[in-house]
Structure formats: structure tokens, C-alpha cells
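Here is a short tour of one protein chain, written for someone who likes to check things against the coordinates. Have the viewer open as you read.

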Amino acid sequence: MKEEVVLNLPVDLNGELTVQMGQTAQTDPKHPQDAELGDLQQVTYFELARLMERASRRFSGLIRAELTKLRVDDIGPAQAMILLAIGDSELSVAELLDRGHYVGSNVSYYLKQLGDGDYIDRVASQRDKRSARIKLTEKGRQLRANLRDAAMAYERAVNRGDQEQRMLETAFQTLHQLELAWGSTPRYGV
């Protein structure tokens, strides 16, 4: 039987990642405690990946709600995320694929929807007619600005201070390290 790799969060001074559950923390039956560690609960990479997937779905729900408030009904959260990924840049589909975790066929579909809705301009590359450069139209830039404003308002509403900001930064750094590790492992091994 294969051993499961365990991740403990957040980072301590030695670079170890630990999640310390306080004495008042409730035990979740889905996350068994390790008898040797007392209140320290082990988080596996699999559980972390499942949590990230659930958090991503919740975030898509927030974007869907914001699109509804903005009366945008011709695109969904996935297309809105692509608008945010494009930003002020003009880039190729390959560059867009590098910026997000999209499947190529999905991106083609999403870009067609965004083009049909006049959110992006697609211009064939002069060098290679098979590839295209993509940039936001004025309508796309306006929707992107509205979504960014909504995100800033949400952050102001939930941010409780410096400690929470440091925790957010630690979480980002940890997830970024995992992204790099998980991305290179299939190519180069463990």
C-alpha cells in the first residue's frame, strides 16, 4: 500500500508547514487526529486539493452573483476569469493557457463566446495565420474593471487586519509552491 504524503500548514521558522489546532478546536470526524500529535491534525495533499476545488467552485459562485448584479448574462464565471487573466495584455492563446488552468478545447469555446459577446478582439497573427492575438475590447475592459472593483470591495469587507493579510500571503506562497512542485513532478519525477 502506498503511503500518503502529508502537508502541515502554515510555515514555521524552520520552513515546516504546520496547522496547529487549539484546545478549543472542534474535531472534525472527516479528519482523524494523530494520537501522537494531540491536537495537531494532519492535512494530506489529497484533502488540500479537494479543498482547493471546493473553494474554486465557491469563488465561481461569487463571480456568477457579481455577473448577475452587473446584468451580464451572456458569459459565465469561466469566461470572466479569462477576461481577468488577459488583463491589459495582448497575448496568444498559448500564453493564455500558461496563465490559467484551462483545457485547450475549453479555451477555444470560451474565447468564441467572449468574441461573440464583443468582450475580446481576436486578430490573426501576421507571422502564423493559425494563431491569434487576443486583447480586451472596451466592453471587456469595463467588465474587468467592474469585477476588480467588486473583488476589492469584498476584500475590504472580509479583511480583519495585518495578521489576516499575513495568513493570506502565507497561503498564497504555500499554494504557489505546491503549484510549482505539482507542475514539475509529472515531468521530472519526485
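Is E66 buried or exposed? In this predicted model, E66 is buried, because its relative accessible area is 17% and the cut-off for buried is under 20%.

You will find E66 in helix α1, which spans residues 45-69. Leaving aside residues up to four places away in sequence, E66 touches L147 and A150.

## The chain as a whole

Stepping back, the chain has 6 helices and 5 strands. Read from the N terminus, the elements follow the order β-β-α-α-β-α-α-β-β-α-α.

Of the 190 residues in the chain, 23% are buried. The accessible surface comes to about 14100 Å², and carbon and sulfur atoms account for 52% of that area. As for contacts between residues at least 6 apart in sequence, 47% join residues at least 24 apart.

## Strand β5 and its partners

Now have a look at strand β5, residues 132-136. Strands β3 (residues 91-92) and β5 run antiparallel and are joined by 2 bridges. Strand β4 (residues 120-124) is also antiparallel to β5, with 5 bridges between them.

On β5, the covered face holds A132, I134 and L136, while R133 and K135 make up the uncovered face.

Terms used:
Residues are numbered from 1 along each chain as its sequence is written. This is a predicted model: local features need pLDDT of at least 70, side-chain atom pairs count only at pLDDT 80 or more; totals for chains, interfaces and linings use all residues. Side-chain values use heavy atoms; hydrogens and water are left out. Helices (H or I, at least four residues) and strands (E, at least two) are DSSP runs, numbered from the N terminus. Buried means under 20% relative accessible area, exposed over 50%, partly exposed in between (1.4 Å probe, protein chains only). Contact means heavy atoms within 4.5 Å. Accessible areas come from the Shrake-Rupley method with a 1.4 Å probe; for residues, only the protein chains shown count as cover. Two strands pair if DSSP finds at least two bridges between them.
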